[in-house]
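Below are some notes for a colleague opening this entry for the first time.

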There are 2 protein chains.
Amino acid sequence: MENIENILKQRLSGAQLKEFNRIYYGTEVIKELEVNETSKVRSKENNFTLAAYSFSASKEEIRKPNKVRLGLIQHSIVYTTDNTIPDQRQAIFDKIRPIIEVAASEGVRILCLQETWPMPFFLCTKEKKKWADFAESAIDGPSTLFLSKLAKKYEMVIVSPILESDGGVWWNTAVVIDEEGNYLGKHRKNHLPSVGSFSETAYYAPGNTGHPVFKTKYANIAVNMCYGRHHALNWLMFAENGAQIVFNPSATIAEFGQSFWGVEARNAAIANSYFTCSINRVGTEEFTVGNETKTRTYYGSSYVSAPDGSRTPCLSNEKDGLLVAEIDLNLCRQVKDKWGFRMTARLDMYAKEINESLENKIVY
Amino acid sequence: MENIENILKQRLSGAQLKEFNRIYYGTEVIKELEVNETSKVRSKENNFTLAAYSFSASKEEIRKPNKVRLGLIQHSIVYTTDNTIPDQRQAIFDKIRPIIEVAASEGVRILCLQETWPMPFFLCTKEKKKWADFAESAIDGPSTLFLSKLAKKYEMVIVSPILESDGGVWWNTAVVIDEEGNYLGKHRKNHLPSVGSFSETAYYAPGNTGHPVFKTKYANIAVNMCYGRHHALNWLMFAENGAQIVFNPSATIAEFGQSFWGVEARNAAIANSYFTCSINRVGTEEFTVGNETKTRTYYGSSYVSAPDGSRTPCLSNEKDGLLVAEIDLNLCRQVKDKWGFRMTARLDMYAKEINESLENKIVY
């Protein structure tokens with residue numbers, strides 16, 4: 001079925017549409033951004049949705065507006081998994097390049113791709129060997145090299161979530177490439193799901209990189225990988241470390257709590273006074289478990305939430321897409337000053353209580 | 001305007017209504033509970049909305065279903081604040097009694113009222129003396145005595161949020177009365193807002209009761225007072241201490257983040273694998289700040305969220321109301337086992353990181 005948000009937009013009008021928007025999107029009027037005609041043409045040619053929105057902040061006396069455009073890309077894989085790994089990967093590179101070019105022409109300065117974007121999301125097949133050649137170096141693997149050129153060319157910071165191989169261990173890693181095309185750093189997924197037959201712990205270790213915030217030319221950014229969105233403290237520590245934007249590159253299917261999708265990252269934006277960017281795969285991927293062939297269908301629906309609780313509509317639930325969001329970073333401090341959530345957080349009390357609770361629970 | 005949820009219910013049908021429900025309520029079909037005819041009559045006579053829903057859990061091999069009915073009451077004040085305090089309070093008691101009677105006849109076993117339910121929500125007037133006589137003892141104040149009789153008569157656990165006076169200090173306190181009418185304990189609001197001209201810190205101190213969970217005959221319950229819903233760690237510690245249901249009695253107005261209302265408590269239910277019950281006042285209250293007369297209008301919209309991310313529709317945004325929710329407590333562990341959020345929480349890492357972060361931020 002078509003994205004329910006599009007259906008509702010057609011069903012409601014006037015005051016009722018405003019009231020729906022106020023509750024559902026946190027804003028009576030959704031501000032759409034104008035995009036270039038050539039971008040529209042290119043998005044049609046390349047068969048991806050292009051949507052663009054803006055969030056505004058109040059005018060301040062001392063600070064100037066601090067606007068930056070973000071880009072979120074969701075995409076399906078191109079070839080089935082019986083093709084060679086270099087072919088599968090190259091086909092995805094070829095699909096992503098024109099989307100990044102459109103992002104550049106729309107002034108996107110920070111761009112993020114979905115979880116393990118250059119490959120199928122394989123983590124339920126119980127097979128490890130088959131996927132080994134997708135695992136790559138964060139610093140100079142094919143994905144980093146491919147994106148570095150585009151980052152440099154377009155002066156764009158790019159967050160590239162990959163399957164990392166390092167020291168004989170696999171990691172679910174987001175690489176951050178700066179606007180000069182240099183490797184800036186990486187974050188490894190902190191929380192690994194074991195849900196049903198879907199267990200990531202068999203593939204890689206829980207992240208050992210803590211909660212880094214990357215001070216880029218355009219903003220202080222962080223990455224909360226997929227299942228980490230269920231963990232309030234994961235979101236919180238990125239805020240403590242100064243993040244203004246937290247990306248949440250994901251690979252998730254309807255059966256895994258689709259009704260949470262619009263709740264968790266938005267709640268994190270409210271709780272932590274920063275922007276969150278939710279990105280999910282689209283398309284159906286086929287894989288074998290033993291002799292059985294199975295499929296998984298990702299529902300896309302990428303969106304951006306602001307610290308004031310407002311959010312954009314979702315991208316399509318089945319098509320590739322680029323979401324452009326113009327934000328004003330001043331909104332983070334404005335909201336923090338208004339609601340005082342950080343001021344009233346009493347974190348010292350909680351650190352103590354958590355420790356005590358954990359100690360009380362271990363009985364030797 | 002009428003509650004937008006009611007409008008949407010009329011605008012959509014068939015597969016589209018199901019899809020909307022799936023995303024918005026986390027369940028394709030909202031399960032309404034039958035209520036007694038006499039309850040319907042009494043709710044009309046007493047001019048309050050009566051709504052009843054149920055959440056189900058899977059059948060288990062060893063544990064039997066563990067169903068319990070919860071009641072949430074939202075109400076407006078009766079008299080304006082130029083009446084005497086005993087008169088104002090008695091009028092509210094008289095309004096609440098028949099609502100509790102209906103709750104009893106619907107089999108409600110645990111009931112919660114709104115924040116400082118026996119009085120206006122005064123905390124923005126800058127006046128303290130005027131409200132002093134509303135402050136009462138948690139153990140044997142008029143509100144506890146009034147509710148204790150009803151609790152005993154109907155074998156009902158009642159959560160009673162009041163303005164407490166104790167040791168010369170005011171507290172924003174939830175009193176828990178057990179099903180025999182005895183005082184079981186209390187919780188004092190942990191996080192106090194200072195938003196705009198609205199500063200609670202001038203009236204009472206931040207809670208010193210930690211995160212108690214009350215083991216009642218029917219369930220393990222806790223109370224997260226109003227603004228505490230913005231604090232993920234407040235919710236978390238109630239889970240750590242074993243809560244199956246957390247009530248969030250509130251007094252909040254549209255300007256204070258109404259779009260957060262449906263997000264935060266629901267997110268907490270998902271994150272912590274327990275039920276959350278959101279209760280908010282209704283009606284317009286008039287008060288004076290200096291020579292100026294101002295009003296505040298509360299939007300009601302009380303609702304219940306389940307650990308699987310599903311939720312009930314909201315009560316009215318302007319009328320008194322009783323929401324009855326039948327839950328199966330088995331759902332808490334079922335969801336915990338399914339998603340594994342607690343298992344993957346890495347709380348020891350966070351206690352350490354929070355401490356380090358706080359230490360690094362203090363520069364002497």
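**Notes on the structure**

1. Strand β13 (residues 282-289) and strand β14 (residues 292-299) of chain A run antiparallel and are joined by 8 bridges. Within this pairing, A:Thr288 has A:Thr293 of β14(A) as its bridge partner. The hairpin leaves 2 residues between the strands, and A:Gly290 takes a positive phi near 60° there. Please keep in mind that the model is predicted.

2. The next point is the sheet in chain A. It is an open sheet of 5 strands, in the order β9-β10-β11-β12-β15, with mixed pairing. The edges are held by β9 (214-215) and β15 (303-305) of chain A; each has a single partner strand, so one side of each lacks a neighbour in the sheet.

3. How does chain A look overall? Its secondary structure amounts to 9 helices and 16 strands. The radius of gyration of chain A is 20 Å, close to the 21 Å given by the globule rule for 364 residues, so the chain is as compact as a globular protein of that length. Along the principal axes, its C-alpha atoms fill a box of roughly 65 × 60 × 45 Å. Of the 364 residues in chain A, 62% count as buried. Chain A exposes about 14100 Å², of which carbon and sulfur atoms supply 49%. Where chain A has contacts between residues at least 6 apart in sequence, 69% of them join residues at least 24 apart.

4. How are the two chains related? Chain B is superposed on chain A by a rotation of 180° with 0.0 Å of shift along the axis, at an RMSD of 0.0 Å. This is the relation of a two-fold axis. B:Ala351 has the C-alpha nearest the axis in chain B, 2.3 Å from it. Both copies use the same surface, since 100% of the contact residues of chain B recur in chain A.

5. Helix α8 (residues 330-339) of chain A involves both chains. Its buried residues are A:Asn330, A:Leu331, A:Cys332, A:Gln334, A:Val335 and A:Trp339. These residues pack against β12 (275-280) and β16 (321-328) of chain A, and also against β7 (194-195) and α7 (258-272) of chain B. Just after α8(A) comes A:Gly340, with a positive phi of about 70°.

6. Is B:Ser357 buried or exposed? This residue belongs to helix α9 (residues 347-361) of chain B. Its relative accessibility is 7%, and because buried means under 20%, B:Ser357 counts as buried. Leaving aside residues up to four places away in sequence, B:Ser357 touches A:Met237 and A:Glu240. B:Gly321 is 36 residues from B:Ser357 in sequence, and their C-alpha atoms are 45 Å apart in space.

7. What does B:Ile221 touch, once residues up to four places away in sequence are set aside? Its contacts are B:Ile110, B:Val157, B:Val159, B:Val176, B:Pro212, B:Val213, B:Phe214, B:Thr216, B:Ile245 and B:Phe247.

Conventions:
Residues are numbered from 1 along each chain as its sequence is written. Chains are lettered from A and ligands numbered from 1 in the order in which they are written. This is a predicted model: local features need pLDDT of at least 70, side-chain atom pairs count only at pLDDT 80 or more; totals for chains, interfaces and linings use all residues. Side-chain values use heavy atoms; hydrogens and water are left out. Copies are superposed by least squares on the C-alpha atoms of residues with pLDDT of at least 70 in both. Contact means heavy atoms within 4.5 Å. Helices (H or I, at least four residues) and strands (E, at least two) are DSSP runs, numbered from the N terminus. The radius of gyration is taken over C-alpha atoms; the globule rule is 2.2 Å times the number of residues to the power 0.38. Buried means under 20% relative accessible area, exposed over 50%, partly exposed in between (1.4 Å probe, protein chains only). Accessible areas come from the Shrake-Rupley method with a 1.4 Å probe; for residues, only the protein chains shown count as cover. Two strands pair if DSSP finds at least two bridges between them.
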